Amino acid sequence: MEDGIFFWGPVTSKEWCEPNYVQSSYIAEFFNTISNIPCILLALIGLVNALRQRFEKRFSVLHMSNIILALGSMTYHATLRQMQQQGDETPMVWEMLLYIYILYSPDWHYRSTMPTFLFLYGALFAIVHSQLRFGIGFKVHYALLCLLCAPRAYKYYIHTEDTLAKRLAKLYVATLLIGAACWLCDRLFCKQIQGWYVNPQGHAVWHVLMGFNSYFANTFLMYCRAQQREWNPKIKHLFGFFPYVKIEKPKTQ
C-alpha cells in the first residue's frame, strides 16, 4: 500500500471492526481472513470420515460446502470487494439449503421434488444476488432459512438417546450463541473497541466458532442419519478431542 492505494483497489464491500492492511499489505482484514482456516481443516476431517466410511454423498457435499464457504469468506475479507462479498454470501445460502435437504428429505415422499426445488432456488438466488445488493434483506432471508431448520433439528435432538451425540447438539447451540454475541459486539460497539489497547477481533472469533459450529452440526446429522439407516453409529474422538461418527453397516449394505 502506497499513498492510500490498496493492493486490491478501493473498498467496495462492507467493512468490519479490523483496521485494513495493517498486518499485511496484501490482505485487507488479516485476522478476519486467517480465522477461516479452522473451518477448512474441520471440514476436511469430516469429509475424510464421510468418504472413508461411505456415508451418503449428501454429507460429502455438505463438508465441501463448508470449505467453499470458508474460502469465499477468506477472499472477501482479504479483498473487501463487493463481488467477493457476494461470493461469501451466496455459499451461505447454498449451505442452508443443503441443511434443509438433509433434515427434511428422510420424511419427504416425493424424492425428486425437494432437491430439484432447492437446486433451482439456489441457482435463482445466485443469479439475482450477483446483480443486486440486498443488505438487511440478505440477513433476514438467511435467518429465515436457519429458522426453517430449527424444528426438525430439535426433533432429531429429542429422539436421540446417546449422551455423546446429544452433547454435539449442545455444543452446536453453545458455539452459535457465543459466536453470535461476538459478531454483534464487533458490529455494534466497533467505535468503542477501536479505542481499546487490544482489539479482541470479535468477527474473527465468530469465524473460528462457526467452523466448530458447522463441524458439530454435520457430525450430529451424520449420527442421526446413521441411526435412521440402522448403521449402529457411535461417537468416537480423533486425537481424543475431535468427535466423529463410527458406523457398522450390515453386510448387505
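## Basis of the description

A residue is called buried under 20% relative accessible area, exposed over 50%, and partly exposed in between (1.4 Å probe, protein chains only). The model is predicted, so local features need pLDDT of at least 70 and side-chain atom pairs count only at pLDDT 80 or more, while totals for chains, interfaces and linings use all residues. Residues are numbered from 1 along each chain as its sequence is written, and side-chain values use heavy atoms, with hydrogens and water left out.

## Salt bridges

The structure contains 5 salt bridges, a salt bridge being a side-chain nitrogen of Lys or Arg within 4 Å of a carboxyl oxygen of Asp or Glu. Glu 56 pairs with Arg 229, with the closest N and O atoms 2.9 Å apart. Arg 229 lies in the loop between helix H9 (202-228) and strand E1 (234-238), and Glu 56 in the loop between helix H2 (37-52) and helix H3 (57-79), so this pair ties together parts 173 residues apart in sequence. Helices (H or I, at least four residues) and strands (E, at least two) are DSSP runs, numbered from the N terminus. Arg 229 is partly exposed, with a relative accessible area of 31%, whereas Glu 56 counts as buried at 16%.

Glu 56 also forms a salt bridge with Arg 58, where the closest N and O atoms are 3.7 Å apart; Arg 58 is buried at 17% relative accessibility. A further salt bridge brings together the side chains of Lys 155 and Asp 107 (3.9 Å, N to O). Lys 155 belongs to helix H6 and Asp 107 to the loop between helix H4 (82-104) and H5, so the pair ties together parts 48 residues apart in sequence. Lys 155 is partly exposed at 36%, and Asp 107 is partly exposed at 42%. Through shared partners, salt bridges join Glu 56, Arg 58, Arg 225 and Arg 229 into one network.

## Disulfide and other cysteines

There is 1 disulfide in the structure, the term denoting a pair of cysteine sulfur atoms within 2.5 Å. Cys 17 and Cys 190 are its partners, at an S to S distance of 2.4 Å. The pair links distant parts of the chain, with Cys 17 in the segment before helix H1 (30-34) and Cys 190 in helix H8 (residues 190-194), 173 residues apart. The link of Cys 17 and Cys 190 is right-handed, with 95° about the S-S bond. Both Cys 17 and Cys 190 are buried.

Cys 182 takes part in no disulfide, the nearest cysteine sulfur being that of Cys 185, 6.9 Å away. Cys 185 is partly exposed, at 38% relative accessibility.

## Aromatic rings

The structure holds 13 aromatic pairs. Rings of Phe, Tyr and Trp (its six-membered ring) pair if their centres lie within 6.5 Å; planes under 30 degrees apart are stacked, over 60 edge-to-face, and the rest tilted. Among the pairs, Phe 125 and Phe 138 have ring centres 6.4 Å apart and planes at 35°, so the pair is tilted. Phe 125 sits in helix H5 (residues 113-131) and Phe 138 in helix H6 (residues 136-158), 13 residues apart. Phe 125 is buried at 9%, and Phe 138 is buried at 6%. One aromatic cluster comprises Phe 125, Phe 134, Phe 138 and Tyr 142.
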